[in-house]
Amino acid sequence: MIDEELRGQMVNWRRQLHRHPETAFEEVATARMVAKTLRELGCEVHEGLGQTGVVGTLRRGAGRSIGLRADMDALPIAEFNSFEHRSEVKGKMHACGHDGHTAMLLGGAALLSRDSGWRGTVHFIFQPAEEVAGGGKVMMEDGLFERFECEAVFGLHNWPGLPLGRFALNDGPMMASFDTFELLVDGNGSHAAMPEEGIDALVCASHIVIGLQTIVSRRLSPKEAAVISVTQIHGGEAWNVLPDRVVIRGTVRCFSADIQQRIIELLGEISESTARAHGAIAALSYHYGYPATINAASAAGVAAAAARATVGSDSVTVGIMPSMASEDFAFMAESRPAAYVWMGVDGKTPGAPLHNPHYDFNDDALSIGASYWLNLVKTFGEYS
Ligand SMILES: [Zn+2]
Ligand SMILES: [Zn+2]
């Protein structure tokens with residue numbers, strides 16, 4: 001059980017991290033604090049995996065091996081809060097609650113270090129750069145699961161909009177993939193008063209943007225969820241000149257590799273054929289970002305059972321609408337059976353949403369999260 005001392009310690013860790021936010025691959029002080037705390041709890045500690053990642057290991061005889069993952073990075077957002085533990089770093093803040101995730105996993109390590117009711121090996125994975133730079137992928141490339149064998153891996157995110165004391169998950173897709181694309185539309189520049197002398201890349205690009213809207217609405221099944229958003233159009237600098245080139249950029253989100261491939265084909269097909277109709281040329285560059293986060297049914301069963309043991313059966317929902325946002329836990333989930341859960345944080349008065357400059361992790365959730373990690377390890381052991 002969580003006593004007042006550990007509860008207070010988690011609040012202190014969380015607020016200390018909140019005061020000193022560090023963004024992607026700069027989590028040096030955060031990693032140092034995590035490593036120090038894990039050592040004090042009796043873990044074997046490995047630093048520098050995936051640049052600033054930390055792995056702590058607890059062993060308790062023979063048994064299954066499990067990975068528990070938290071993210072440590074902050075965001076490049078200027079904090080608007082005025083409370084005492086507000087960010088002391090200009091232009092950076094923990095607006096996604098990774099300060100809370102880190103404190104809860106440390107709390108879970110503290111509970112497991114003093115509990116004799118489990119067997120096996122637990123790897124506490126503290127990853128850098130979740131937000132933009134794919135720190136989870138970098139840890140994997142650095143040999144995370146070769147060096148720390150995990151039969152399954154589990155992740156958690158605080159979820160504004162879900163009441164405190166509730167968990168929600170799926171035994172399938174949880175978060176969408178996140179890719180980006182760029183289309184270069186090459187026409188032929190001319191005087192704006194004499195369009196017949198050139199090929200208007202701007203009009204062509206406009207048709208392409210409209211055409212891309214038909215991929216989700218007309219070309220994919222209505223039963224498939226996908227988003228294609230054009231977020232940038234760059235072209236032209238003068239009132240009276242038609243530019244040679246227009247650059248279109250955007251993002252693609254979906255839940256399966258098949259749909260992703262179909263979208264890539266259609267992005268190319270629609271942009272190239274539209275450009276041809278205008279006498280222009282379109283070239284597509286597609287960048288794979290984060291894959292979709294898909295829970296394995298077996299691991300989701302363990303996570304749901306652990307959540308029920310933590311907050312009661314009535315407070316755990318299995319079967320929710322997945323989010324079109326993305327999560328780099330997906331890289332770990334591609335490699336091992338995995339489950340990622342949302343943990344409620346809304347008190348009587350709901351706080352600000354994720355990535356908002358008023359956001360602050362709800363400290364009342366810390367004990368729930370740490371207990372979930374303890375229950376997860378115990379439940380996982382029973383499922384062998
Ligand atoms: Zn975030
Ligand atoms: Zn986050």
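Which residue bridges the zinc ion (ligand 2) and the zinc ion (ligand 1)? C96 does, and the two ions lie 3.1 Å apart.

## Basis

This is a predicted model: local features need pLDDT of at least 70, side-chain atom pairs count only at pLDDT 80 or more, and totals for chains, interfaces and linings use all residues. Residues are numbered from 1 along each chain as its sequence is written, chains are lettered from A and ligands numbered from 1 in the order written, and side-chain values use heavy atoms, without hydrogens and water.

## Zinc site

Three residues supply the protein donors of the zinc ion (ligand 2): C96 through SG, H98 through NE2 and H157 through NE2. They lie 2.1 to 2.3 Å from the ion. Donors here are N, O and S atoms within 2.8 Å of the metal (3.2 Å for Na, K and Ca); water is not among the atoms, so sites may look incomplete.

The sequence spacing of these donor residues is C-x1-H-x58-H. Both C96 and H98 are buried (under 20% relative accessible area, 1.4 Å probe, protein chains only).

## Two domains

Domain 1 covers 4-174 + 292-382, and domain 2 covers 178-290. These bounds come from an automatic or database domain assignment. The domain centres, taken over C-alpha atoms, are 38 Å apart.

## Domain interface

In the interface, 18 residues of domain 1 contact nine of domain 2 (heavy atoms within 4.5 Å). About 880 Å² is buried between the domains, 68% of it from carbon and sulfur atoms. Buried area is the accessible area (1.4 Å probe) lost on putting two parts together, summed over both. A292, M324 and S326 supply 59% of the area that domain 1 buries against domain 2, more than any other three residues.

Methods
Buried means under 20% relative accessible area, exposed over 50%, partly exposed in between (1.4 Å probe, protein chains only).
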